Amino acid sequence: MSESEKKLGWKSLPIGGYLLEPGSALKYKTGDWRAFRPIIDQKRCINCLLCWVYCPDAAIIRLEKYVDVNYDYCKGCGICANECPVKCITMVEERR
Amino acid sequence: MARLMGLTGNEAIAYAVKQCNVDVVAAYPITPQTIMVEVISEYVHNGEINAEFICVESEHSAMSACVGASLTGARVFTATASQGLALMHEMLYIASGLRCPIVMGVANRALSAPINIHGDHSDMMGSRDCGWIQIYAENAQEAYDWIIQAFKIAEDPRVLLPVSVNIDGFILSHSMEGVSVLDDEDVLSFLPPRKPVITVDPDKPITVGALCLPDYYFEIKFQQIQALKEAYNVIREVNREYEKLTGRRYDFVDSYAMDDADAAIVCLGSTAGTAKAVARWLRSEGKKVGVVKPWVYRPFPEEELIKALGDVKALAVLDKACSFGAPFNALCSDIIATLYRYGKDIKVFNCLYGLGGRDITPNDLKAIFNDALEIAKTGIVKEYMKFIGVRE
C-alpha cells in the first residue's frame, strides 16, 4: 500500500473485513516491506526460470532472454538469489 | 393464544429455538447444557423443524461450523457451558469479528480445575470481551423470551453480532417451571426468516476472513464497537415490540423495589430471584432495600443502571466469577466505572459468591443487605471485598 493511496475509514469499509471483489492482493503493493533488494545481473542470467518457479510472491517477470523483478510486490526474501544456479542475483540492502 | 408448559431452563431454550425456525444447529454436549441440544436434536429427528443438526467433535468445531453456516445466511443456534465455552474461545471472536448473528445458549458452569459441573459465571465472564451481546436470564420464562428476542437483535442489519443467552447451570437449566409459550405463528410474525445482508455465494464470490494488517484492522474492530452501540437501540426496540406481543416487559435492567431504596444488591441471573424475595421480607420489617439486575451485560447499560439506582446510598455488587488478582470482580468493576463516569458517589462493596455452584441462601443475602444498609447509614465501607460463605 503506497502512502499516497487514500485509506478508507470504518464507515466506508465493508463490515467484518470482507472483500467484496476478487483481486485485492494486486492492489496491495508489498514492495515496501523489503529490507533487501534483489539485483539481477541480466548479462549473466541464463533464463533457467528457477527463480520464477521459486518466488513465493510471483514477483519475477519473465522476459525473452532473461528475468526481471517486479519491485511493487517483491518482499526481498532472497529465495531467488539462493536458488539461482549462476549466482547472478545479489541482495542489496535497501536504503531509504 | 399463549399456553403454559412445564419446562426446565434447557427445555425452554430448546422450545424457543424450535419456534424460531433455525436452519442449522452445530453443538457438542456438555453438562449442564446437554439437554438443550439433545431436545433440539429430537425436534430435528422427528421432523418438527426443518434444520440441519451437525454433530461435531468439539466445541471449537461447533462454533466453526456455526460461523460457516451463518455466513451462508442461515439462522444458526448452538449451546455450550464451562470447558466447552472455553474451548470455543478462539472462535467466539471470529463469530463476532465476521459479524455472524449466531445465538448461543449457555448454561453457566464453573471452570476446571478442580473439576466441577455446577453453576457459576466463570465461563461467560472468561469470554467477556469476545464482542458478543451477553444476556443473563433469571428464570426459564426469561430464557425462553430472550432467545426469541436474541435472534431478532442479532440479525438486525444495524447489529449483525452474535448473542449469548445465559442461564445458571442446574439452578435454571434443570429446574422445571411454568413457562408461558407463544403460538408458532406469533413467533413467526415477530421473527420472520433471516434476511442476510452479505452472504457467501458461488455466483458472487467474496473473501471472508482475509488478512487485515495494522493499516485496516483497527477500523474493522471499531465497526464492532459501533455495532454494539447500535445494538443498544435495537435491543430497546425489540424489547418494546416483544412487550406488545406478550405483555412481558424486558429492558436492559430489571429493578425491584428501588424507588426509595437506601441500599441495593446488584447481581446477574437467578440470584436476583432470591434477592427480590429477601428484599420483600426486609421491606416488611421497614428496611428500604431493592434489587437491580442487568439483563443485558454487554453492551453494558450504563444509563439504565444509573436510572435504576436512583438515590440509593450503598450497593452490594454480587459476582459469581472471580477476576483473580483484579481490584474488583467483573460486574463490580463495571458498576464502579459507571458510577465514576456519571459522577455518582454511591458506596460500593463487592461480594464474591457461589463459586462451583455453592448455594447463596436467603440468610446470606439478608446479611449482605444489612451490611449495605449499615454502609448507607455510616458512609463507611470497611470491607471492599467479601467472600460469601468461604471457610477458613
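This is a predicted model: local features need pLDDT of at least 70, side-chain atom pairs count only at pLDDT 80 or more; totals for chains, interfaces and linings use all residues.
An α-helix has 3.6 residues a turn, so residues three or four places apart point the same way.

Helix 11 of chain B runs over residues 330-341, twelve residues in total. From its first C-alpha to its last, helix 11 of chain B reaches 17 Å, close to the 16 Å expected at 1.5 Å a residue. Just after helix 11 of chain B comes G343(B), with a positive phi of about 65°.

## Two domains of chain B

Chain B divides into domain 1, residues 3-246, and domain 2, residues 254-387. Taken over C-alpha atoms, the centres of the two domains of chain B are 28 Å apart. Domain 1 of chain B gives 28 residues to the contact, and domain 2 of chain B gives 18 residues.

## The domain 1 side of the contact

On the side of domain 1 of chain B that touches domain 2 of chain B, the elements giving two or more residues are helix 5, strand 6 (133-136), strand 7 (163-168) and helix 8 (217-246) of chain B. Helix 8 of chain B supplies the largest share of this side, five residues.

Sorted by class, this side of domain 1 of chain B holds 14 nonpolar, nine polar and five charged residues.

Notes
Residues are numbered from 1 along each chain as its sequence is written. Chains are lettered from A and ligands numbered from 1 in the order in which they are written. Helices (H or I, at least four residues) and strands (E, at least two) are DSSP runs, numbered from the N terminus. The expected span of a helix is 1.5 Å times one less than its number of residues. Domain bounds come from an automatic or database domain assignment. Two residues are in contact if their C-beta atoms, placed from the backbone, lie within 7 Å. Ala, Val, Leu, Ile, Met, Phe, Trp, Tyr, Cys and Pro count as nonpolar, Asp, Glu, Lys and Arg as charged, and the others, Gly among them, as polar.
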